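Subject: Structure handover

Hello,

Here is the structure for you to look over. My notes on what turned up follow below it.

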Amino acid sequence: MKKASFLSGLLFLCSFTILAQSLPHSTPEAEGVSSEAIIKFIEGYSSDKHELHSYMLIRHGKVISEAWWKPFTADKKHSMYSVSKSWTSTAIGFAVAEKRLTVQDKVLSFFPEHADLKDKPFLADLCVQDLLTMSAGHEKEPLRSVIVFSPDWVRGFLNYPIAHKPGTTFLYNTLATYMLSAIIQKVTGMTTLDYLKPRLLDPLHINGIDWEADQKGINVGGWGIRVKTEDMAKLGLLYLNKGKFEGKQILPAAWVEEATSKHIDQEPDASAEKKANGQYADWLQGYGYQFWRSRNGAFRGDGAYGQYILMMPAQDAVLIITSESQDLPDDLNQVWKNLLPAFQAKALPANPAGLKALAAFNASRQIKAPVSSLQAALPTKSYSLGTNPLDFRQLQVDTKGTLTITTKDSAQHEFRLAQGAWATGKSNLVGPYMLRAARVDLAKKAPFDYAGSYRWVDAETLEITLLYYESPHHWTFTLKGDQVSVINSFEPQNEIKIPQRK
């Protein structure tokens, strides 16, 4: 009976996603981790600071626990922000292995059409390695001033003043990663995504992903990749295993070692105490080639609002997290506090009860729709909107449970809403996004999955939530009388009050 109970527990744990996944699965105890410790680890994330969307924990090459917070699901892509940088770095690794370039090549040599800029201070010294290590030498990151206003991002980057000798000073620089993607396209004639397909994506059995591109068709490199949770895990396993996947050497081991080693300090003068226990200690362990070094001998791909590929060589483990976090240091502190001590050197005794509890815990994860004790149907009402940063011209709600947003181009976008619950659908409207204003082709990735909900805060105040669940974010609309306001969830302190159009 005990054996049957254990097997049924194992099947219960794996049945949620294994049919849609390709990585091997095991139980936590078989790989030296207790099921109870995993629950404790996830429960350590405070809901007022962290909104988890998925996690996947791998030990000894096997998935031992995984969950998606409904409506997020295993088969949906998720915007990864700066985790994209690690994929771009991987493309550079393949190009180096194929002798298409070296990390010492000068950046300007790839762009002879901009040779007129060669006399700008330090520009002629800038090499590929400086882009990889975030040491281009800028005093301030040029990202927003270029991607919003410049029609030519390459020239915008090259024309931006370099204040320090390249290679000497760390400054996080997303546009530097864009330049790596532009270089890949120059030397291969393919976008970075197309270049990676036969070299990385196909061998790792990754499909269905996409990547934003600029107006010239160059993948943006430093952000904009949308992949599934398991796709992240596969990249993590590749790097954890020094370039091997399913026993085959996919990426040269020498490149993996070089890319994940420390090449520069983020804050060279930081004290030992600050590096060990400071609030941002995991951002002071050194930087590689678009990978961060972490405490406890780990390294990671890291994206805004809590997207992580955390590789822990000493524990032979990979942790994937997708989320919307307002406290990035605590994201990793929870790992070191509650998960790291759970890794044991040997297998633990079988634990059918713990396994069943973990399976039930994982299956019950969900993003709860906002609720209220007030129950009332939607009214039929239109709001003509004045100038606003979202370029919305009109909002309309109706008694059928529909929100219609009309944008400045006169396009109408309908969203289904449920009261105190989620109604799901698809929309062509680009949703809430930190880089929504960039000149990219994101709109061409439509339709986007959303979940819509509404509640009455009080008798006069209607609140509508649109959760875009292929991204970390949601919009919250508040309609009170003739007043309209919107909050982007990634900046909850900044309420956008939209005036009525006269």
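A residue is called buried here when its relative accessible area is under 20%, exposed when it is over 50%, and partly exposed in between. By that cut-off, 58% of the 502 residues of the protein chain are buried. Please keep in mind that this is a predicted model.

**Confidence**

The mean pLDDT of the protein chain is 95. A pLDDT of 70 or more is reached by 96% of its residues. Residues 1–20 are a stretch to watch: the pLDDT there is below 50. In the model, that stretch still has 27 contacts beyond near neighbours in sequence.

**Overall fold**

The protein chain holds 13 helices and 22 strands. Its C-alpha trace spans about 70 × 65 × 45 Å along the principal axes. The radius of gyration is 24 Å. A compact globule of 502 residues would come out near 23 Å, so the two agree.

Take the contacts between residues at least 6 apart in sequence: 64% of them join residues at least 24 apart.

**Surface and charge**

Accessible surface comes to about 20,600 Å² for the protein chain. Carbon and sulfur atoms account for 53% of that. There are 55 positive and 52 negative side chains. The centres of the two sets lie 2 Å apart.

**Backbone geometry**

Most peptide bonds are trans, and most residues other than glycine have a negative phi. The following residues are worth a check against that background.

Which peptide bonds are cis? One runs from Lys70 to Pro71, with omega near 15°. Pro71 sits in the loop between β2 (62–68) and β3 (78–79). Another cis bond runs from Ala446 to Pro447, with omega near 5°. Pro447 is in the loop between β17 (423–427) and β18.

His60 is not a glycine, yet its phi is positive, at about 55°. The loop between β1 (50–59) and β2 holds His60. Its relative accessible area is 35%, so His60 counts as partly exposed.

Tyr305 is not a glycine either, and its phi is positive at about 65°. Tyr305 belongs to the loop between β9 (299–303) and β10 (307–312). Is Tyr305 buried or exposed? Its relative accessible area is 14%, which falls under the 20% cut-off, so Tyr305 is buried.

**Two exposed residues**

Glu460 lies in the loop between β18 (448–458) and β19 (461–468). Its relative accessibility is 55%, so Glu460 counts as exposed. What does Glu460 touch, leaving out residues up to four places away in sequence? The answer is Leu479, Lys480 and Gly481. Glu460 and Lys480 are 20 residues apart in sequence. In space, their C-alpha atoms are 5.8 Å apart.

Lys337 is placed in helix α12, residues 328–339. With 60% relative accessibility, Lys337 is exposed. Gly44 is 293 residues away from Lys337 along the chain. Their C-alpha atoms are separated by 9.1 Å.

Best wishes

Terms used. Residues numbered from 1 in each chain as written. Predicted model: local features only at pLDDT ≥ 70, side-chain atom pairs only at ≥ 80, totals over all residues. Heavy atoms only, no water. Helix = DSSP H or I, 4+ residues; strand = E, 2+ residues; numbered from the N terminus. Rg over C-alpha atoms; globule rule 2.2 N^0.38 Å. Buried < 20%, exposed > 50% of the residue type's maximum accessible area, 1.4 Å probe, protein only. Contact = heavy atoms within 4.5 Å. Areas by Shrake-Rupley, 256 points an atom, 1.4 Å probe, with all protein chains shown as cover. Lys, Arg positive; Asp, Glu negative; His and termini not counted. Charge placed at Lys NZ, Arg CZ, Asp CG, Glu CD. pLDDT = per-residue confidence, 0-100.
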